[in-house]
Amino acid sequence: MIIEAVTQGSSTVMTILSIFLALVVGGILILFTDPIVTKAWSSFFSDPGNALAQSWDSVSFAYSQMFEGAILNPSTVSAAFHGGSIAAIFYPLSATCAQATPLILTGLSVAIAFRAGLFNIGAAGQWVGGAIVATWLGFGVSLPIVIHVIVCVIGGFVGGAAIGWFVGLLKAKTGAHEVIVTIMLNYVMYDLLSYLLSHPAMLQQPHQTNQIAPFIANDANLPHVGGPAPQAGVGFLIAVAAAAACAWLLSRSTTGFQFRTVGASPSAARSAGINVEKSWIWVMLLAGGLAGLSAATVVQGTNTQLTFNSYGTYGPDGITVALLGRAKPWGTVLAGLLFGALHVGGTYVAGATLNQVPDDIVQVLEGLIVLFVAAPALIRAVFRLRATSGTGMEAAAKGWNG
Amino acid sequence: MTTLTAAVRAPLTADRKWLATGTFAFLGVIDVLIFGLLAHKGDAGFVLSASGTIHIPVIKVPAAAICYVLGALTIAIAALRGTFDLSQTQKRWAIAGVLVFFLVALLCWADAGAIPLNIIGMGQGALASSIPLILGALAGCLSERSGVINIAIEGQLLFGSFTAAIVASAFGGLWVGLVAGSLAGGLVGLLLAVFAITFLMDQIILGVVLNVLALGMTDYLYDRLMAQNPNYNTGVSFGSIRIPGLADIPVIGPIFFDSTIFLYITYVAVIAIQVALFSTRWGLRVRAVGEHPTAADTVGIPVLWIRYRNVILGGLLAGIGGAFLTVGSVGSFNPDISSGFGYIALAALIFGRWTPLGSLAAALLFGFSLELALVLPTVNPVLPPAIMNMAPYVATIIAVAGLVGKVRAPAADGQPYVKA
Amino acid sequence: MKLELREITKRFGSLVANDHIDLVVQPGEIRALLGENGAGKTTLMNVLYGLIQPDEGEILIDNEPVHIRSPKDAIRAGIGMVHQHFMLVPVFTVAENVTLGVERTRGFGGLLDRKRTRSDVLELSEQFGLQVNPDALVGELPVGIQQRVEIIKALLRDANTLVLDEPTAVLTPGETEDLFRIMRSLREGGRSIVFISHKLKEVQAIADNITIIRRGQVVGERPPSTTGAELAALMVGRAVQLRVSKEPAKPAGVRLTVHNLTVADERGEPAVRGVSFEVRGGEILGIAGVQGNGQTELCEALLGLRPSSGTVSLDGNDLSAATTRDRLRAGIGYVPEDRQEDGLVGAFSVADNMVLDVYDRPPYASGIALNLDQIKTAATELVSEYDVRTSSVQTPVGTLSGGNQQKVIVARELSRDNKMLLASQPTRGLDVGSIEFVHKQIVAQRDRGVAVVIVSSELDEIYALSDRIAVMYEGRIVGFREPDISEADLGLLMAGSSAEAESRSVQDALPPDQALELPGAVEGDDAE
């Protein structure tokens, strides 16, 4: 059964090896597109040492920059010893946490739906729903200080939940497969966002020709630590709290039992008296709400204005985060942190190499990691490991008819 | 269990008949209230001849009146659907009729009082928009009929279009580009096959991951290569080929027989796969593998080989569809050029009940809505482009939710075959 | 051809499914392979057919060793197999299924030659008396006809030895007789047959020689004249009380009333047509009938899993419009036909499965929070009370044997305070020990005053448990009878005929002192 195959997936060792292999493949990709390296390889036979040296330099530079941007920059440590700021040591980690926040939340969105047997490919559309509501509440409504923040956050949840609820309703009432509906809704929401951002009467910033929303009120921003953007803040706490809530819900509550039963075997659930359709609606509502929360944490960051492509890659990233985290809430947090680090690192590398290594490399790395994690047989073959008892995302019994 | 009847355990929560009736009635009401009542004064005009062919005068019709009439007819069909038990064929005619009426009413409404619509141009555009959808759906058909779910059509289209563009621009010209695009799609197909069939990964997740990878790769390579060096993305594209004789038929000729090589490839592919699947030994074995792989295995049919072959073939076909998006039309590649078409192709496949002819019909419908989204805002500036862009996606949702009915995928679709 | 299996051994991990098995089938012989569920018969046949490879041993044909690595090799060697679970594609026609893999084509491109295929099928059909319609969709055919298609499929490939794996599991007594006739006709034609079964009486009726297999080993070879008791003892390894002993029923008042129940199947056709019956507390009503006559739909409708019209009331409460959950809460215990699909969640632990329908009620939950400790304790108690063999209550239930899985379901359903119990095919695929256990539990429920309905296509189970028998045919109950009805007459009812006088001539055609009783109904030596 797919769900427990994902949740009881391969061991930590396999995960680490998968990440390593992905970095190797990513490294090869970096090499292929570095003009200095390709030039060096074209004269490989006359100067093999140069080709290898250039290759090593290119890849190690890229990855070391990623590390410095996302985790720790050794120069800040030595600077601290010489009277520099201690806080600066933590800026990379803070950035990682900040980037991880929306990823963890969309990851939770996908993960919780997955535990109930649903593929929520539409976290992006739900994200947009939440963003629209949170933004509008942010600039269009005036509220006292703490209340404003909370209302916007709740608004984000509601906006996303509405979209999620709609998907669940369609599946429950008409049997429409959620993969197609969610993907289609994604595009619908992108277009809706674009439309709203083109009219000042709706969400467009006045006197603007671009599709961009106004800044939201200062008192609606989520507080955060100091340092250069992006900074970790209350958003991160929200993400962790959400993960804790999901963990409790899934393993210790009756609702979670219901969701898991429906996900593992809808027919057994029905025979046991569980209302499968209602479960679908509720879980999609929740999943949508989590994606909406993700939007709220972004939209309510400092100096952010909602634009027509603010949703970025949060949707697909949520899927990869959830898969890497084995659809378990705490695993999702860890996976979110890893991918957050990759994102921060990617931006840093793009800057450091003057966009020779664009930050899209991160998307590729993410995809590769998930692919390798999902195919332990492949990892085993590459690293010549013996088969362990753990299996990967194998033996799916799920087809179009669920 | 020795019974063969597959038990559908879930009670349907909405009776299909009422769903279809409701959808028809909904569309009919839109015909009357929105298209009819809200139409501008004036006539809608339709241009039906292209230059160089027999001249047909422009057809002008009173827009609002037509909408009312069509709306009334649609509601009548809705009533029939709800009252009588129609046969399968009658149900399909009903859907076709309602959709055609809706489209005509939409066109009348959009064009009321404005410059006449060029039906020939729209037809050509709709057909062109459909090509990646049809080829994508055929790719899905080949794969799923043998039992492997292919969500990665999007990735195959994307990768195919990128590879075709870059190879055609920098390495060899149009035909080489076309072949390269096809191979790129085949490569994604190979990945799908290996991870699904040998590594037993869940096929829906795998498809999504492959799409994410394809998007990431093409974005990365675009930034790295194409953005830096315009020689890698020159925008070359195929010209159209006119089929003499056939292209002179009024109305139909210019639409169906004056286009790039891709359209003709599509015709051949649809017919070939339809015949092969249902009338040849090849097709019987493929379907056996998709319905009951154990039974096929016990009579000596190589299940895994057939699945590998079909998935890769599908990828090659989808790669051609992707190539069309660049070298077959606009020429240059830009990130996410496939914008969800792979998923629409999948919906067309399901809507078409996993048959080539059915997918063709569905894909044409979606292609037409894509074309409308492009054309109508230019004709009638009232229509906001952003909302019109939504149209094909909303149409897909309505189709999948309201009109698809009880579809039966090949029985073993999505289930990896593991010998006991 | 002479077929010999020598020293065949097959292991699955630590389980030895076949342990040095020897089997010889002479040309023109009907050899029976007798053993209970789980003895290793199907594994052996899968080895013979090339679906799995043996760890040791060899196969010889006419004294020459052959290597059978795939079904293709087996077919080439002249072995044809009719599997227990049919290898037919439901959406293909009879002709397409029969010729799959050896299709007739014409022209170029491999276009199917449907005309020639049809005539091939009809030819074989006439030759052996296997009436079939080549253009019928297999999925719509009754099971008995599907079996014929499987046989024709094997014959088309020039099978010399036919292996029939539990072929009578889904046949009425009349259809079983037809099958035996066909088998004799094939034997006259020089073919040999391996007949795999766990049904004593059938094996005695048709076989020339019987090989008994138990726990993967051959434990004996006997002629068909051997007594049923001896065969049963060899099969099971001990004296078995094959029919549960029970006190006569003491029925009380009517508890379950079903009136004019009509249920549609997936295609909208009526599967259950106006069925009505009553069951009293302390009584077992056995619904007999061949699979596919509406029993499944009836059970699902009673549980509210399918929409239906008509009324269902339990102890005076009208449940006709109630949801499944409400019906379960109203006091229905349900043992579903497909335990792995509908009765259990294979990935969940034994403990979780024990509370599948009561997880949200005290003491297992307080409000929205689960009481995990309480669940664990209750499960541990039930596991011991119902003798479920598992290392812990946290083991995934999917890893348990079929018998233990069924015990989990029985424990869950019967430990509640039920007013009514509905059990569908409660002992399908179980070994004798588990069958005994489940039957005992069902009788115990009855003795507590519960109104019990069992649905079964195993006649011996119907006879063993029922206080009253109802026969379902094509969606209707065609008769209520007492359990003293002869099997021949019951068989006729199940086949739709009500001419009970027919049974006389059928009886005369059989060997003396062998009424057409199905095995398992041995007047066993009582508990010793």
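## Domains of chain C

In this predicted model, chain C is assigned three domains: domain 1 covers 1–78 + 160–238, domain 2 covers 89–158, and domain 3 covers 254–504.

Taken over C-alpha atoms, the centres of domain 1 and domain 3 of chain C are 33 Å apart. Contact between these two domains of chain C involves eight residues of domain 1 and 13 residues of domain 3. On the domain 1 side of chain C, the residues that touch domain 3 comprise three nonpolar, four polar and one charged.

## Interface of chains A and B

Chain A places 52 residues in contact with 49 residues of chain B. On the chain A side, the elements that each supply two or more residues are α8 (145–174), α9 (178–196), α12 (266–271), α14 (314–324), α16 (360–374) and α17 (376–383). The largest share, ten residues, comes from α9(A).

Sorted by class, the side of chain A that touches chain B holds 33 nonpolar, twelve polar and seven charged residues.

## Confidence in chain B

Chain B has a mean pLDDT of 83, with 92% of its residues at 70 or more. Residues 1–14 of chain B have pLDDT below 50. Where pLDDT is low, predicted coordinates should not be read in detail.

Conventions
Residues numbered from 1 in each chain as written. Chains lettered and ligands numbered in written order. Predicted model: local features only at pLDDT ≥ 70, side-chain atom pairs only at ≥ 80, totals over all residues. pLDDT = per-residue confidence, 0-100. Contact = placed C-beta atoms within 7 Å. Domains from an automatic or database assignment. Nonpolar A, V, L, I, M, F, W, Y, C, P; charged D, E, K, R; others polar. Helix = DSSP H or I, 4+ residues; strand = E, 2+ residues; numbered from the N terminus.
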